[in-house]
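I record what I looked up, entry by entry.

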Amino acid sequence: MQEMELHDLSDDADYAASMQQGSSSMMRSDSSKRSSSSESEGAELVYLKDNVTIHPTQFASERISGRLKLIKQGSSLFMTWIPYKGQNSNTRLSEKDRNLYTIRAVPFTEVRSIRRHTPAFGWQYIIVVLSSGLAFPPLYFYTGGVREFLATIKQHVLLVRSVEDANVFLVNDFDNRLQRTLSSLELPRAVSIASGSSTPVSIGDSPTNVNLERTNGGLGHDSHSISQFHGRQKQKAQDPARDISIQVLEKFSLVTKFARETTSQLFRENHSNGFGAFEKKFDSQSALDFDHKASYDTETIVNEIPVAPDPVEWTTFLDNEGRVMDSNALRKRIFYGGVDHKLRREVWAFLLGYYAYDSTYAEREYLRCIKKSEYENIKRQWQSISPEQARRFTKFRERKGLIDKDVVRTDRSVTFFDGDDNPNVHLLRDILLTYSFYNFDLGYCQGMSDLLSPILFVMEDESQSFWCFVALMERLGPNFNRDQNGMHSQLFALSKLVELLDNPLHNYFKQNDCLNYFFCFRWVLIQFKREFEYEKTMRLWEVLWTHYLSEHLHLYVCVAILKRYRNKIMGEQMDFDTLLKFINELSGRIDLDAILRDAEALCICAGENGAASIPPGTPPSLPIDNGLLYSQQEDEVL
């Protein structure tokens with residue numbers, strides 16, 4: 001990896017122009033400090049900016065404004081952002097919701113970088129990224145002040161501009177050369193895929209001793225194992241990710257009996273698991289306004305879950321011309337049983353929306369021909385760029401460089417992608433480069449290679465992999481928006497679901513300043529890709545893609561995992577840092593079948609109240625207002 005040169009800001013036009021502003025700001029701040037009794041003794045207020053705003057959702061009425069401060073105490077610099085109280089524009093959000101976003105005295109020793117955005121239209125904003133790879137919500141400066149903010153930081157800590165991205169400023173980056181190449185959205189790199197022999201973490205008493213395998217008897221399943229899925233245990237010496245540390249359903253043939261047992265397990269032991277209060281509310285209707293009668297308890301709910309059908313062949317779902325006769329029945333069958341690998345290439349195209357359920361064999365063949373030609377036309381756009389043009393095409397060079405680095409680190413322990421000069425790695429690179437031209441506004445962000453890898457593995461065709469990836473990004477594209485609104489809306493919804501389904505755990509997170517749920521960031525961003533083995537990830541994804549119970553089932557999966565480990569989390573009194581480390585170390589150790597059963601039971605029990613906890617337009621939903629998938633990123637356009 002090419003080492004990066006440190007760039008001092010003293011020759012930067014923005015920095016030079018802000019020096020005078022920074023000095024005057026500190027004078028004003030010093031004056032405010034002397035007149036304020038709220039600052040701690042020995043602390044110096046060196047920067048203060050009012051009307052700095054967070055956008056939790058797409059609705060202007062829910063924006064939260066507050067005061068941003070930089071405080072110097074001893075040799076340390078701290079940043080705080082406190083929302084205003086009693087602000088009229090914030091009336092739709094409760095005080096508890098506003099506290100989710102409060103930033104309390106974050107030392108710059110824990111900050112990795114600050115990304116500055118200056119769109120051609122709209123407000124400037126910054127994204128502060130922590131050393132853990134997590135990021136605070138974007139802070140919008142309605143009345144300017146970003147340059148002044150950076151200039152003040154520069155006077156107290158080491159702040160250098162990244163060579164990789166002129167809008168990224170690295171904090172205290174003395175000697176970690178690798179960190180300089182990471183953008184604000186990069187995740188901790190996984191060195192290898194967990195082996196099949198990984199032992200699940202003990203979760204105490206659990207219904208899994210019934211030994212039901214959710215995927216046995218799935219669509220087209222047979223007794224064969226897919227040897228390609230097994231990643232090799234040891235990393236090759238040439239694997240670039242070798243030295244990067246990791247920081248961070250038998251179908252329900254007895255569904256009524258098993259779901260009753262699962263639900264009973266989830267709701268028992270009131271004092272130990274926090275579900276007792278919810279069960280009482282559920283039965284008494286005192287807090288949850290279910291449309292069902294009061295006697296409609298959890299046992300009645302699970303009894304109404306239909307028994308999954310017997311195993312059937314794929315062709316049974318198709319008419320003579322290849323149309324899917326009952327898409328709901330197909331999605332239900334996949335939800336409870338999964339898909340055999342030999343059928344995934346065709347079935348995934350339906351689940352992702354690349355094929356219409358009512359399309360015929362002939363129409364799908366015609367679509368493949370047309371889309372292959374369209375793909376090749378888009379691909380030729382970047383292939384035709386000469387080295388001379390590339391020297392004057394900064395965005396292309398940046399994105400190409402980022403993709404080149406990422407693809408050689410993606411799933412190299414899977415046989416399909418291992419070895420030197422692997423053609424499948426080249427295909428991964430070509431598809432991602434083509435997508436960055438197909439979607440100019442979104443381009444490429446780290447994590448996308450994780451989402452494309454299993455699709456290419458299944459489709460084994462460049463054009464079809466591209467268009468299936470496009471279809472997936474129509475659902476998950478907002479996860480990669482630079483302002484991270486898509487991610488924050490999902491984490492906000494997750495906090496509401498935990499509050500609904502496990503109020504004691506929610507209160508514990510509140511008391512320990514964990515309500516931002518940033519420890520679940522990686523789960524949501526790339527759909528648990530690094531939490532499970534390769535085959536299990538594909539099984540999970542096809543269940544999520546059915547949208548059978550909910551299009552937001554992934555959030556219930558998050559709740560299910562947290563609930564399984566709640567006693568350990570609360571019993572060991574984990575703070576945010578300890579919790580983040582614990583969550584990252586669960587990778588490869590989570591029992592997928594048990595989690596899917598728990599998530600299903602939680603989703604059913606939450607019912608309409610769970611759906612109401614998720615704001616409209618939360619990914620993977622498409623935007624509900626104008627049909628535009630991605631918010632324009634003016635300063636990120638190629």
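**Entry 1: the second largest cavity**

I began with the terms: on a 1 Å grid over the protein atoms alone, a cavity is a set of points where a 1.4 Å probe fits but cannot get out, whereas a pocket is an open set with protein on both sides within 12 Å along at least five of seven lines. Lining residues have an atom within 4 Å of a point. Grid points are joined across faces, edges and corners, and a volume is the space filled by probe spheres set on the points. The model is predicted, with local features needing pLDDT of at least 70 and side-chain atom pairs counting only at pLDDT 80 or more, while totals for chains, interfaces and linings use all residues. Residues are numbered from 1 along each chain as its sequence is written, and side-chain values use heavy atoms, with hydrogens and water left out.

I looked up the second largest cavity and found about 90 Å³ of space in it. Its lining consists of Leu-472, Arg-475, Leu-476, Gln-527, Leu-544, Trp-545, His-547, Ser-550, Glu-551, Leu-553, His-554 and Pro-620. Two or more of these residues come from each of α15 (462-476), α19 (534-545) and α20 (553-564). I note that such helices (H or I, at least four residues) and strands (E, at least two) are DSSP runs, numbered from the N terminus. With 3 residues, α15 gives the largest share of this lining.

I then sorted the lining by class, where Ala, Val, Leu, Ile, Met, Phe, Trp, Tyr, Cys and Pro count as nonpolar, Asp, Glu, Lys and Arg as charged, and the others, Gly among them, as polar. The cavity lining has 6 nonpolar, 4 polar and 2 charged residues.

**Entry 2: two backbone details**

I followed Pro-620 from the cavity lining to its place in the segment after α23 (592-612). The peptide bond from Pro-619 to Pro-620 is cis, and its omega is near 15 degrees.

I also examined Glu-460, which sits in the loop between α14 (448-459) and α15. Its phi is near 50 degrees, a positive value in a residue other than glycine.

**Entry 3: helices against α23**

How do α20 and α23 cross? Their axes come within 8 Å and cross at roughly 115 degrees. Here axes are lines fitted to C-alpha atoms, for helices over the stretch in contact, and angles run from 0 to 180 degrees between N-to-C directions. The crossing of α20 past α23 is right-handed; a crossing is right-handed if the near helix is turned clockwise from the far one by less than a right angle, and left-handed if anticlockwise.

I listed contacts next (heavy atoms within 4.5 Å). From α20, Leu-553, Tyr-556, Val-557, Val-559, Ala-560, Ile-561 and Arg-564 meet residues of α23 that include Ala-594, Ile-595, Asp-598 and Leu-602. This contact comprises 13 nonpolar, 1 polar and 2 charged residues.

I turned to α19, which packs on α23 at an angle of about 15 degrees, with the axes 11 Å apart. The two helices are therefore roughly parallel; angles under 35 degrees count as roughly parallel, over 145 as roughly antiparallel, 65 to 115 as roughly perpendicular and the rest as oblique. Lys-536, Arg-539, Leu-540 and Val-543 of α19 meet Leu-592, Asp-593 and Leu-596 of α23. I counted 4 nonpolar, no polar and 3 charged residues in this contact.

**Entry 4: the second largest pocket**

The second largest pocket has a volume of about 730 Å³. Of its 31 lining residues, Val-106, Phe-136, Asp-513, Asn-516 and Phe-576 lie nearest its centre. The largest share of the lining, 5 residues, is supplied by β4. By class, I recorded 17 nonpolar, 8 polar and 6 charged residues.

**Entry 5: Asn-167**

I located Asn-167 in the loop between β8 (159-161) and β9 (168-171). Asn-167 and Ile-114 are 53 residues apart in sequence, yet 8.3 Å apart in space, C-alpha to C-alpha. Apart from neighbours within four places in sequence, Asn-167 is in contact with Ile-114, Arg-115, Arg-116 and Arg-161.
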